[in-house]
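Q: I am new to this structure and would like a guided tour. Could we go through it together, one topic at a time?

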Amino acid sequence: MDSTPPHDPELLDKVINLAKRRGFIFQSADIYGGFRSTYDYGPLGVNMLRNVKNAWWRSMVQLRHDVVGLDAAILGPPAVWAASGHLETFTDPLVDCLKCHGRFREDKIDGVCPNCGSTQFTESRAFNLMFKTQAGPVEGDGATAYLRPETAQGMFTNFNNVLTTSRKKPPFGIAQVGKSFRNEITPQNFVFRTREFEQMEMEYFVPPAEAEQWYRYWIEQRLNWYLDLGIPADQLRLHEHELADLSHYSRGTTDVEYRYPWGWDELEGIANRGDYDLTQHSVHSGVKLEYYDQAANERYTPYVIEPAAGATRAMMAFLLAAYHEDEVEGEVRTVLRLDWRLAPYQVAVLPLSKKPELQGVSQRVLEILQPHFSCDYDVTQSIGRRYRRQDEVGTPLCITVDFDSLNDDAVTVRDRDTTEQVRIPIGELLATLRTRTQ
Ligand code: ATP
């Protein structure tokens, strides 16, 4: 089977098209002409996005004893964002094109207007990316609230709460998955950069002397997570920021980059943030955020290593990496070679005909599999077309119930990637599928 190379110039359009046509991702409010830079996740997209977040949670929280979870509020008071530095410095340089009046992020356009080619711009000014709103019916400063532009601050402000209730001690982490909002100047490239998106972040608190070692450790862990979930090694790389380019608080930042159709770009950032965040919140709130090491009779502010990933951005990279066109029986087919853990449906149950007897057996198969796998059920059109439809959305296994099933109580299991088919007794189906999806 011949695979499409990753730099197919039409890859992005093909994936955007597939995502819309098959119910992964829709333009938000599209019946009103669409609301720029917001997207809705359809029946397949919501499954896949949830799978991405679950895979992250499993590797970062469930399979570890040193990381606990958190789900903090999205709305926050100005005090949090004053302490974190976001009110003052969470800005991008904004310029207006003097010819067409388009607005751009200065650091993304190399001095040339992407709209009209002009090189004449206004002076750049700092544009704060936070969404500001009012909490409660009273207007005025006391009622100002912000939508969080990252999930991280909830982990810092809850440091003492988590420390005392979980009885963890450094090195330990707090993980969170949830929505963040940034008023991006130029949202672009589908769900790569949007104004509302989902993040998967973890703050790992360590004794200062161990920070460098844990920083290296988390870079490796995070790169491996993408590799393990099927992104080919030649489409991933690490990019360590030069010291001169680092944010004022950072002692080291490395991005995991993916080779998107437009070139290498960020997928996730891993930073050694030193004691900046806990110190800032201690100073601003007047509440000490420290760890008391009883054995050494020593009080210290832990350093923090932060792997910060985007769930929606990661989903897009998984879709791009999985998209292939190959040839089966002389016909071109589109296939998403998604890891079974990410696929919207892991199994599709397909009765060969709409006859009630076959639907009855299919129902029994579904009842066996549904508690363990995300299953689709499809009775329409020819079996060949149904296979293609499942290939196109990445379903790893199709189960066909045919008239022989009524006699031998067995079904045909077809593999998405090899298209090979094997006959399996219904009684052995669950055990067999479990070994196929390990
Ligand atoms: P950029 O430089 O691309 O604006 P950043 O370095 O500011 O991103 P971080 O603050 O490190 O991004 O955010 C961590 C992760 O959150 C990013 O690696 C990305 O996966 C995701 N992310 C950040 N901003 C957006 C956005 N506007 N849309 C979608 N995902 C985002």
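## A tour in questions and answers

Q: What kind of model is this?
A: The model is a predicted one.

Q: How many helices and strands are in the chain?
A: The chain holds 13 helices and 24 strands. Its C-alpha trace spans about 75 × 65 × 50 Å along the principal axes.

Q: And what share of the residues counts as buried?
A: Of the chain's 438 residues, 51% count as buried.

Q: Let us take a strand, then. Why is β20 described as largely enclosed?
A: Strand β20 covers residues 347-351, and five of its five residues are buried, so the rest of the structure largely encloses it.

Q: Which residues lie on each side of β20?
A: V347, V349 and P351 are on one side, while A348 and L350 are on the other. Both faces are covered, as all of these residues are buried. In general, side chains in a regular strand alternate between the two faces of the sheet.

Q: How many bridges join β20 to β21, and do the two run parallel or antiparallel?
A: Three bridges join β20 to β21 (residues 375-377), and these strands run parallel. Within this pairing, V349 stands opposite Y377 of β21.

Q: Moving to the sheet with β4, β9 and β8: what is its arrangement?
A: It is an open sheet of three strands in the order β4-β9-β8, with antiparallel pairing. β4 (75-76) and β8 (132-134) stand at the edges with a single partner strand each, so one side of each has no neighbour in the sheet.

Q: How many bridges hold β4 and β9 together?
A: Two bridges join β4 to β9, which spans residues 144-147, and the two strands run antiparallel. G76 has Y146 in β9 as its bridge partner.

Q: New topic: aromatic rings. How many aromatic pairs are there?
A: The count comes to 18 aromatic pairs. W225 and F318 form one that is edge-to-face, at 5.9 Å centre to centre with 70° between the planes. This pair links distant parts of the chain, as W225 belongs to helix α7 (residues 211-228) and F318 to helix α9 (residues 311-322), 93 residues apart.

Q: Are those two buried or exposed?
A: Both W225 and F318 are buried.

Q: Which residues form an aromatic cluster?
A: F156, F159, F172 and F205 form one aromatic cluster.

Q: Where do the charged ends of R313 and R414 sit?
A: The charged end of R313 sits over the ring of F192, 3.7 Å from the ring's centre. That of R414 sits over the ring of Y387, 4.3 Å from the centre.

Q: What about the surface: which residues make a nonpolar patch?
A: L352, F403 and L406 make a nonpolar surface patch of about 240 Å². L406 is found in helix α12 (residues 405-408). L406 counts as partly exposed because its relative accessibility is 39%.

Q: How far apart are E88 and F104?
A: E88 and F104 are 16 residues apart in sequence and 20 Å apart in space, taken from C-alpha to C-alpha.

Terms used. Residues are numbered from 1 along each chain as its sequence is written. This is a predicted model: local features need pLDDT of at least 70, side-chain atom pairs count only at pLDDT 80 or more; totals for chains, interfaces and linings use all residues. Side-chain values use heavy atoms; hydrogens and water are left out. Rings of Phe, Tyr and Trp (its six-membered ring) pair if their centres lie within 6.5 Å; planes under 30 degrees apart count as stacked, over 60 as edge-to-face and the rest as tilted. Helices (H or I, at least four residues) and strands (E, at least two) are DSSP runs, numbered from the N terminus. Buried means under 20% relative accessible area, exposed over 50%, partly exposed in between (1.4 Å probe, protein chains only). A charge sits over a ring if NZ of Lys or CZ of Arg is within 6 Å of the ring centre and within 35 degrees of the ring normal. Patches are made of residues with over 30% relative accessible area and no salt bridge: like charges are joined within 9 Å, nonpolar side chains (Val, Leu, Ile, Met, Phe, Trp, Tyr) within 5 Å. Accessible areas come from the Shrake-Rupley method with a 1.4 Å probe; for residues, only the protein chains shown count as cover. A salt bridge is a side-chain nitrogen of Lys or Arg within 4 Å of a carboxyl oxygen of Asp or Glu. Two strands pair if DSSP finds at least two bridges between them.
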